[in-house]
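Work through the exercises below with the structure open beside you. Try each task before you read its solution.

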Amino acid sequence: MFVVSERWSNTYPDAMVGMLVARGAANVVEHPELERRKRMLEGALTGRFGNADDIKAAPAMQAYVSYYKRYEKTYHLVQQLKTLVVKQRPLPTVSGLVDVMFMAEMKNLLLTAGHDLTTVVPLIILDTGTGNESYIKLNQESQITKEDDMMVVDGVGILSTVIHGPDYRSRITPETRDALYVVYAPAGIAREEVIRHLRDIRENIMLFSPSVEVEPARLLSARGIEEVDV
């Protein structure tokens, strides 16, 4: 079901992409235990990042800032984290399967895309853009890829890219029960960080959906595909 292209492997020999599949989740709008975890996370992040300089100095953040700089872009999690810890705005409540993704992003600073697995058509391929592909983004606007930007595609088209984010077709909705999470980890992000990030997503899903079936995580890299229990 998962493939790493030769083009991606040659372009990003030191990078990694983690994928996690969760099936049969009860995608609640809100759950008291998840909300409690959000408040705890907000407090922890405020203590960890006292100001904007602390945010930029985080090693994980620097890995993404370096990646985005090649495309003259700013890593959007920088501003989102500033909004959370400097402006003291709470974590949003969208739906369980969306909220756990954003919580993990804020905690671990790793870029993540979420997809409704029932809309995904195998194979799922980790690849790089040529600068000629196009897809409809989450905001329903058409977007051309950036050359060499990491992307994940299925049998229909692009699911997400690093620079421009996820597509509209495979978005997670309130009706989503089966989800695919994709974590992009450029050079500088350790394997253990990706595993911990995916474990956080799994554990938080189980707060509101204890019967969810979570498959072993897949770690895709130039060395191949590794399955890891999280």
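**Exercise 1.** Sort the lining of the second largest pocket into nonpolar, polar and charged residues.

*Solution.* Next, name the lining: Arg37, Met40, Leu41, Met103, Ala104, Lys107, Asp200, Glu203 and Asn204. A pocket is an open set of points on a 1 Å grid over the protein atoms alone, where a 1.4 Å probe fits, with protein on both sides within 12 Å along at least five of seven lines; lining residues have an atom within 4 Å of a point. Last, the volume is about 170 Å³.

The model is predicted: local features need pLDDT of at least 70, side-chain atom pairs count only at pLDDT 80 or more, and totals for chains, interfaces and linings use all residues. Residues are numbered from 1 along each chain as its sequence is written, and side-chain values use heavy atoms, without hydrogens and water.

**Exercise 2.** Describe the largest pocket.

*Solution.* Start with its space: about 690 Å³. Of its 31 lining residues, His76, Met101, Thr112, Leu138 and Pro166 are the closest to its centre. Then sort the lining: 16 nonpolar, 11 polar and 4 charged. The largest share, 5 residues, comes from α6.

**Exercise 3.** Find the cis peptide bond.

*Solution.* Look between Pro122 and Leu123. Omega there is about 5 degrees.

Terms used
Grid points are joined across faces, edges and corners, and a volume is the space filled by probe spheres set on the points. Helices (H or I, at least four residues) and strands (E, at least two) are DSSP runs, numbered from the N terminus. Ala, Val, Leu, Ile, Met, Phe, Trp, Tyr, Cys and Pro count as nonpolar, Asp, Glu, Lys and Arg as charged, and the others, Gly among them, as polar.
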